[in-house]
Amino acid sequence: MVPPAGPCTRPSLFEHPTFPLESPLYMPRLKSLYHPLHFAGLTLCLWAGATDPSPAATLQLEPVKDGVLYEDASGTTANGAGEFLLAGRTNQATGSRRRSLLQFDFNAIPAGALITSASLQLHLVTVTTADLAVSLHRVATPWTAGTANPTGNESSGAAALTGDNTWLHASFPGTLRTTPGGDHAATPSAAVTVSSTAGFFTWNSPGLAADVQQWLELPATNAGWILRGDEVSPQTAKRFDSADSPTADWRPRLTLTYGIIPEPSAVTLLLTTLAALFGGRRPNHRSFPSSVPSLSRPIIDESSSSG
């Protein structure tokens with residue numbers, strides 16, 4: 001005999017008093033709870049919430065070292081501590097090409113940062129009569145900056161000292177470059193036309209951001225950039241302030257914008273795992289009984305049945 005329902009009893013899932021399990025009102029609700037797309041949506045929402053970058057942060061950096069390369073067959077001319085950076089050609093009959101190196105330290109950027117923009121600002125202090133392109137290329141090999149310090153406009157350089165970088169040396173006098181004039185990428189990471197008017201010029205491109213991102217992830221590859229100007233015509237060299245400029249506001253400045261992608265929390269990982277495990281599972285409603293017992297079925301009095 002089935003006992004009557006009391007205040008502490010309730011019908012089971014299969015004995016819903018309002019509508020049976022296979023009712024058109026019930027099955028869509030039940031099936032929707034287990035639909036794989038719902039679990040997939042939940043997973044994506046959880047993952048997106050866990051991996052959205054943090055609000056953008058901005059950081060400004062000055063070079064930790066810079067220097068000028070002077071075209072010189074002997075590799076004995078340098079500028080590791082002067083006030084200027086040069087890019088282009090001077091008016092000398094031979095050995096007139098000038099290039100400059102800059103390198104930055106990114107230790108202040110948190111691990112896991114995603115670089116969204118990078119721009120380098122230089123201050124032009126002397127001018128040529130032409131508007132000329134000046135490009136930045138990623139340097140391929142490490143180099144050192146010494147203490148050679150030319151006088152005057154620094155267009156001729158000074159005698160190289162130990163640790164200086166020269167046209168032939170990554171570190172004078174012992175470490176030679178693979179390629180005279182600097183080992184660097186052929187394709188520029190950024191380029192800008194520098195006019196004949198003194199002032200600030202900014203290099204800003206996805207290529208610079210990509211370089212910094214690589215250096216964050218692979219610090220050993222960070223050898224900075226080389227600055228190259230017009231090397232076809234004489235007297236095209238552009239002169240910029242270096243990190244040793246006595247005017248702090250005129251020193252090179254790299255501005256970075258970045259966000260942080262947080263690690264997913266333990267709860268997010270757990271829910272994502274559950275969604276993956278159970279997202280494709282749902283009850284097979286065809287296996288349910290075609291009829292469901294009603295709570296109002298008659299009670300059989302077994303005392304009146306025959307022996």
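Two strands are said to pair if DSSP finds at least two bridges between them, and strands themselves (E, at least two residues) are, like helices (H or I, at least four), DSSP runs numbered from the N terminus. With that in hand, a welcome place to start is strand E15. Strand E6 (residues 113-126) and E15 pair in the antiparallel sense over eight bridges, and in this pairing Gln 121 has Arg 253 of E15 as its bridge partner. E15 itself spans residues 253-260, and six of its eight residues are buried (under 20% relative accessible area, with exposed meaning over 50% and partly exposed in between, for a 1.4 Å probe and protein chains only).

The model is predicted, so local features are reported only at a pLDDT of at least 70 and side-chain atom pairs only at 80 or more, while totals for chains, interfaces and linings use all residues. Residues are numbered from 1 along each chain as its sequence is written, and side-chain values use heavy atoms, without hydrogens or water. The pLDDT, which is the predictor's confidence in each residue from 0 to 100, averages 81 over the protein, and 68% of the residues score at least 70. Over residues 25-34 the value is below 50, and this stretch has 21 contacts in the model beyond near neighbours in sequence (a contact means heavy atoms within 4.5 Å). Residues 302-307 also stay under 50, with one contact beyond four places in sequence.

Leaving aside neighbours within four places in sequence, Phe 106 is in contact with several residues, among them Leu 61, Trp 215 and Leu 254.

Rings of Phe, Tyr and Trp (its six-membered ring) pair if their centres lie within 6.5 Å, with planes under 30 degrees apart counted as stacked, over 60 as edge-to-face and the rest as tilted. The count comes to four aromatic pairs. One of them, Trp 203 with Phe 240, is edge-to-face, at 6.0 Å centre to centre and 70° between the planes. Because Trp 203 lies in strand E12 (residues 199-204) and Phe 240 in strand E14 (residues 238-241), the pair ties together parts that are 37 residues apart in sequence. Trp 203 is buried at 1% relative accessibility, and Phe 240 is buried at 0%. Ring pairs also join Phe 104, Phe 106, Trp 215 and Trp 225 into a cluster.

The backbone holds a few points of interest too. Most residues other than glycine have a negative phi, and most peptide bonds are trans. Phe 172 and Pro 173, however, are joined by a cis peptide bond, with omega about 5°. Glu 154 has a positive phi near 65° and is buried at 4% relative accessibility. Gln 235 likewise has a positive phi, of about 60°, but is exposed, with a relative accessible area of 54%.
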